[in-house]
Amino acid sequence: MKLENRRIWITGAASGIGEAMARQLSGVASLLIISDLNAERLLALKPELEKGITTVDALPFDLSNRTEVEKAADKVLATYGGVDLLINNGGISQRGLFYETTEEVDRRIMEINFFSYVVLTKKMLPPMLAQGFGHIAATSSMTGKFGFPLRSSYAASKHAVQGYFETVGLELYDRGIRVTVASPGRIRTNISVNALSGEGTRYGQMDPGQAGGMPAEKCAARYLRAIRRDQWEVYIGYNEILMIWFKRYLPWLFRKLALRVGKV
Ligand SMILES: NC(=O)c1ccc[n+]([C@@H]2O[C@H](COP(=O)([O-])OP(=O)(O)OC[C@H]3O[C@@H](n4cnc5c(N)ncnc54)[C@H](OP(=O)(O)O)[C@@H]3O)[C@@H](O)[C@H]2O)c1
């Protein structure tokens with residue numbers, strides 16, 4: 001879908017990949033709704049994005065809170081009648097062994113990374129169907145293609161995104177709605193710093209893999225290019241993306257590498 005003069009809503013827009021996408025859409029989209037947990041950062045970002053034709057609405061809410069998610073969606077529907085492109089991107093990672101991770105943390109990760117995407121998509125769909133077009137993007141991960149040590153619930157949530165949104169794309173194809181699932185590899189953001197430990201505290205460390213990863217701006221550009229091209233899915237990263245192919249075609253090699261790289 002072309003992105004010029006579109007109404008676009010991005011979650012997780014105050015940092016990392018989401019912020020980079022918001023910056024690249026400023027002056028392109030007619031309306032940018034930027035959402036995040038951190039209201040202060042959103043409000044600081046808003047004037048930077050408001051240029052040219054773009055109206056920017058900062059809409060903070062907690063993706064882990066079902067009521068807040070629904071309220072935010074209702075507000076968007078009431079104020080703007082819907083959006084042309086929804087980028088479900090907000091998310092939280094994990095750094096904890098599965099048997100040391102509380103069920104509360106397991107559920108929190110699923111709520112943020114998966115169920116919030118489901119709720120927002122269902123809410124934004126009716127006006128898209130009524131106008132006969134629309135695009136839904138969902139940020140998964142290469143960990144949505146295979147399991148990896150210390151990321152059991154994260155991998156589960158990102159696998160859920162893959163299966164769910166591929167289905168959404170197939171069900172809606174004939175009705176003019178396109179779906180893009182993005183699977184980034186290691187992108188240089190604060191994702192590992194913000195990750196949850198098994199007990200739900202902030203992990204607080206920049207992983208070397210993240211530090212040496214692809215810059216968020218480059219990832220955002222590839223993500224947006226995939227949306228423009230109506231790609232069903234896109235893998236974004238450097239050599240680590242090979243792991244997806246190893247898992248599919250050389251599973252023995254994938255396991256050898258995952259056991260070595262993910263040593264705990
Ligand atoms: N970086 C990578 O290597 C990588 C790889 C694969 C997939 N991804 C995915 O890419 C997406 C963006 O992550 P990122 O790398 O850009 O990391 P990031 O900088 O940490 O961005 C994640 C965003 O999600 C927001 N968020 C987290 N919990 C939230 C909640 N409960 N309510 C509302 N917003 C919440 C964060 O807001 P606050 O900052 O306010 O908490 C933040 O803006 C995520 O879905 C992530 O899983 C990242």
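A: D84 sits in the loop that runs between α3 (66–80) and β4 (85–88); helices (H or I, at least four residues) and strands (E, at least two) are DSSP runs, numbered from the N terminus. This is a predicted model, in which local features need pLDDT of at least 70 and side-chain atom pairs count only at pLDDT 80 or more, while totals for chains, interfaces and linings use all residues. Residues are numbered from 1 along each chain as its sequence is written, and side-chain values use heavy atoms, with hydrogens and water left out.

D84 counts as buried because its relative accessibility is 5%, where buried means under 20% relative accessible area, exposed over 50% and partly exposed in between (1.4 Å probe, protein chains only). The side chains of D84 and Q131 are joined by a polar contact of 3.0 Å; a polar contact is a pair of N or O atoms within 3.5 Å, and within protein one must be able to donate a hydrogen and the other to accept it, with residues adjacent in sequence counting only if both atoms are side-chain atoms. Beyond four places in sequence, the residues in contact with D84 (heavy atoms within 4.5 Å) include M1, R6, R7, M128 and F133.

Turning to the ligand, a polar side-chain atom of D36 is 2.4 Å from one of its oxygen atoms. A polar side-chain atom of Q210 lies 2.6 Å from an oxygen atom of the ligand. For L37, a polar backbone atom is 3.4 Å from a ligand nitrogen atom.
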